[in-house]
Amino acid sequence: MTHTIPVIETRRLILRGPEPEDYPDFKSTFTSYRARFMGGPLNPYEAWMLYAAEIGHWQIRGYGMWMIHDKVTDETYGMAGGWKPAQWPEAEIAWVIWPDAAGKGYALEATHAARKHFYRHLGWETAVSYIDPKNLDSIRLAERLGAKKDPEAPTIDGNDAVYRHPSPAKLEGTQLAHGIDMEIAHYADPLFKPKGWAID
């Protein structure tokens, strides 16, 4: 069965399924120090195999990671979406941002939209993010999305922290969701510069 990958539009971004022409940016990131919290840096063969898995995941699971594109320029900024390889205890909401695109709120905007899609259209009632405890940028992003550390949840290999996302009922129409939308709007406004840590 072939799954049609939905396209999601946000204020600044278009999320589309990964295509072969997107691979060079993916390879550049996953063969770099940037991938140190995601099992990297990978060699070119490993990066190619992982990108093939990104594309195939959509066909196997019916969901996966979208490529994050700029709505105006079509430039790619990274990936965000769902991920559940074999041996993953639960479906994960994951993200990666290319180094040059970090700190501009793209991961927050894309991941928030992806999570909405999974909750509204696939009926997910929960999701987790598996994060290296040393990856402080991703931990901050998970917390901004309302995720909280779940010490009772099984990990992938014992070396990751599990952050559980709020359920649809705890998110829809709440102050938390409104706050996320406001933060995204602030990043989208070129006259506004958020204070504090950059959202990666």
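The structure is a predicted model, and its chain contains six helices and eight strands. Read from the N terminus, these elements follow one another in the order β-β-α-α-β-β-β-α-β-α-β-β-α-α. The radius of gyration of the chain is 16 Å, close to the 16 Å that the globule rule gives for 200 residues, so the chain is as compact as a globular protein of that length. Taken along the principal axes, the box filled by the C-alpha atoms is roughly 45 × 40 × 35 Å. Of the 200 residues, 48% count as buried, and among the contacts between residues at least 6 apart in sequence, 64% join residues at least 24 apart.

Two packed helices are described by the angle between their axes and the distance between the axes. For helix H1, which covers residues 23-30, and helix H2, which covers residues 44-61, the angle is about 125 degrees and the axes lie 9 Å apart. H1 and H2 are therefore oblique to each other, and the crossing in which H1 passes H2 is right-handed. On the side of H1 the contact is made by Tyr23, Phe26, Lys27 and Phe30, while H2 contributes Pro44, Ala47, Trp48, Leu50, Tyr51 and Glu54.

Helix H4, formed by residues 136-144, has as its buried residues Ser138, Ile139, Arg140, Leu141 and Ala142. These buried residues of H4 pack against both kinds of element, namely the strands E5 (92-97), E6 (128-131) and E8 (161-164) and the helix H3 (106-121). Just after H4 comes Gly146, which takes a positive phi of about 90 degrees.

Two single residues can be followed in the same way. Ala101 sits in the loop between E5 and H3, and because its relative accessibility is 6%, Ala101 counts as buried. If residues up to four places away in sequence are not counted, Ala101 touches Tyr77 and Tyr106. From C-alpha to C-alpha, Ala101 and Asp22 are 15 Å apart in space, although 79 residues separate them in sequence.

His117, in turn, belongs to helix H3, and with a relative accessible area of 15%, which is under the 20% cut-off, His117 is buried. Once its neighbours within four places in sequence are left aside, His117 is in contact with Pro6, Ile8, Trp66 and Leu122.

Methods
Residues numbered from 1 in each chain as written. Predicted model: local features only at pLDDT ≥ 70, side-chain atom pairs only at ≥ 80, totals over all residues. Heavy atoms only, no water. Axes fitted to C-alpha atoms, helices over the stretch in contact; angles between N-to-C directions. Helix = DSSP H or I, 4+ residues; strand = E, 2+ residues; numbered from the N terminus. Parallel < 35°, antiparallel > 145°, perpendicular 65-115°, else oblique. Left-handed = near helix turned anticlockwise from the far one by under 90°. Contact = heavy atoms within 4.5 Å. Buried < 20%, exposed > 50% of the residue type's maximum accessible area, 1.4 Å probe, protein only. Rg over C-alpha atoms; globule rule 2.2 N^0.38 Å.
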